[in-house]
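Let's take a walk through this structure, one piece at a time. Have a look at the chains first, then read on.

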Number of protein chains: 2
Amino acid sequence: MSFTNRQLLLKTRPEGLVSRDNFELREQATPELQDGQALVRVLYLSMDPTNRVWMSDVPQYMPPVAIGEVMRGIGIGRVVASKARHYAVGDLVQGLVGWQDYALLDEGKTGYWAKLPPKPPVALPTLLGACGFSGITAHYGLTEIAPVQPGETLVVSAAAGSVGSIAGQIGKLRGARVVGIAGGAEKCRHLVDDLGFDAAVDYKADDFKQQLAAATPDGVHVNFENVGGAVMRAVLSRMVNGGRVALCGLIANYASGGKPSDDYSVIIVKRLTVRGFLAFDYKDQQGAVQDLVGWVVSGKIKAGETVADGLENAPVVLNRLFDGSHTGKLVLRVSGEE
Amino acid sequence: MSFTNRQLLLKTRPEGLVSRDNFELREQATPELQDGQALVRVLYLSMDPTNRVWMSDVPQYMPPVAIGEVMRGIGIGRVVASKARHYAVGDLVQGLVGWQDYALLDEGKTGYWAKLPPKPPVALPTLLGACGFSGITAHYGLTEIAPVQPGETLVVSAAAGSVGSIAGQIGKLRGARVVGIAGGAEKCRHLVDDLGFDAAVDYKADDFKQQLAAATPDGVHVNFENVGGAVMRAVLSRMVNGGRVALCGLIANYASGGKPSDDYSVIIVKRLTVRGFLAFDYKDQQGAVQDLVGWVVSGKIKAGETVADGLENAPVVLNRLFDGSHTGKLVLRVSGEE
């Protein structure tokens, strides 16, 4: 049995927003099944920012979709024919089905396939959202990456979106004060009235920063960040010392040609932990000095200084920090009366 | 007894590099000591990037130096007169002495004063460098902030500087492969030949990125970052997944008017921890889904979807992620044959 399969193939890489012209709609018959294969009727496709990233030839956590390939996408479908051992006709499955009517499930190859229960406890679209990767992402971010504690203030950007709306609600379940950032009065109303956020701030408002400050009187302890750019800068400026950022997405960048406009994307793609610090906070300064003196005295570490002279020269000597004309520690001798 | 005290007062805030014209050199007699005060002859001033930051009226971890104030600075001096209980003539002290010949030590006020041993085990300039805040900073960064493990690759930027040169040597003591980034062949030679770095890369070289790649064949596990900007971008692009960045300084920014040109400075000033993540890495995805399904079914969390129709519309539906015209999870219905 064969079906007509419509497939969306990536024809050209979009700049900025995506156009129909970036894709070719090809119709072809589904192939004859081999042993270990099943044919899946695609029911729902998840629309994710990562789809946009996959279209661009930039460094990312999976290879970009090649020109001429079926567009990659997560979705849910039902098995309509099977020569696979573990999949029967009628099974509901989730996986990288691709942007097409029918997907070929191959037991021998990874397609991130997972079988769903015959009667899922929630609607199929919900399995792609709140109970799918969107929800998993929110859960991961607020339990392992930046656990938020009762009484702390959590700010979620793109809070009316798939991940943000769940992150904010999980924050409430964890006892945090939750402030959402979204675009427009209606979304802000939705966050507070329907989803139980403590406050919502409209990033499109002229007084966005003032609104954000008013909504976070104790500062921000945790930022679940989905947006980046100016929105993120505003949130970071409200954070308390020692605050934590779960850097989940930078949708402000993806839209601009998929080309990150700042340096944060690599932090996500490589799952980096970036910690800012000031030595003033170091509890064990005395222990550190003991170590250091011991290492210097024993010759394990070589100390080096560049010593300049004259108090009156301090302003211009300081510039040597920036012009590369010194090595080691730059010190100004004010008096030789040691 | 009174001394002539030369003081450098901040007259105007510098743009970019510092000029003598930004300061007024004032001479005045040292004041008569009150009870609890001592007079300190300044011997050495530490020249630090933070001096440059203090000159600028930007958000920072201490208030900027006010116009007309003596420039703030860390230094070492010797007590030459005392009406203080805990300080005697001849004592060596370290603290915020300021850019002047004589500092007033007031026991009742904090000036970050610390008494030094009468016969320090290392030279006084070394007490400001390898065994002072520079060394403490390097120690803190590689023990608590981003501990580097034996066999890992550590990349240190501004590696010939006061903090970087110690950080690299501590990295070697901890058993890491250490690669330094510095400007010019002589500094690179110094790092390898004199300080024992495994490799050094010249950021001024045309093939800097290629050199860095060649020096880090296993990628970069820990980045002790002092520079920011293009240097940092190059290092981040070499990091392994799950790598750690100890964000110590962004000297590339301080020089440009003291005004941070990117968003990383706030991470230092507020000592933030920024963690990028992808839900694919979540070990307990099944547990998360169980939580989420439970919350949705019980009504503790509200799932919301925006469902659009038609496979052929996928490219333009995807754009709704970026124009704000949806709430909750965006899903495309490919087939109604559920």
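Two strands count as paired if DSSP finds at least two bridges between them. Keep that in mind as we look at chain B of this predicted model. Strand β8 (residues 153-156) of chain B runs parallel to β11(B), and 3 bridges link the two.

## Two copies, one axis

Now for chains A and B together. Turn chain B by 180 degrees, with a shift of 0.0 Å along the axis, and it can be laid on chain A with an RMSD of 0.1 Å. The two copies are therefore related as by a two-fold rotation axis. Which C-alpha of chain B is nearest the axis? That of Val274(B), at 2.5 Å from it.

The copies also use the same surface: 100% of the contact residues of chain B recur in chain A.

## A helix that meets the other chain

Helix α10 (residues 285-298) of chain B is 14 residues long. From its first C-alpha to its last, α10(B) reaches 20 Å, close to the 20 Å expected at 1.5 Å a residue. Just after α10(B) comes Gly299(B), with a positive phi of about 85 degrees.

Several residues of α10(B) are buried, among them Leu292(B), Val293(B), Trp295(B) and Val296(B). What do the buried residues of α10(B) pack against? They pack against parts of chain A, namely α2 (124-128), α3 (133-145) and α4 (162-173).

Chain A has an average pLDDT of 92, and 97% of its residues score at least 70. There is a stretch to treat separately, though: over residues 257-261 of chain A, pLDDT stays under 50. For those residues the model has 13 contacts beyond four places in sequence.

Methods. Residues numbered from 1 in each chain as written. Chains lettered and ligands numbered in written order. Predicted model: local features only at pLDDT ≥ 70, side-chain atom pairs only at ≥ 80, totals over all residues. Heavy atoms only, no water. Helix = DSSP H or I, 4+ residues; strand = E, 2+ residues; numbered from the N terminus. Least-squares fit on C-alpha atoms with pLDDT ≥ 70 in both. Contact = heavy atoms within 4.5 Å. pLDDT = per-residue confidence, 0-100. Expected span 1.5 Å × (residues − 1). Buried < 20%, exposed > 50% of the residue type's maximum accessible area, 1.4 Å probe, protein only.
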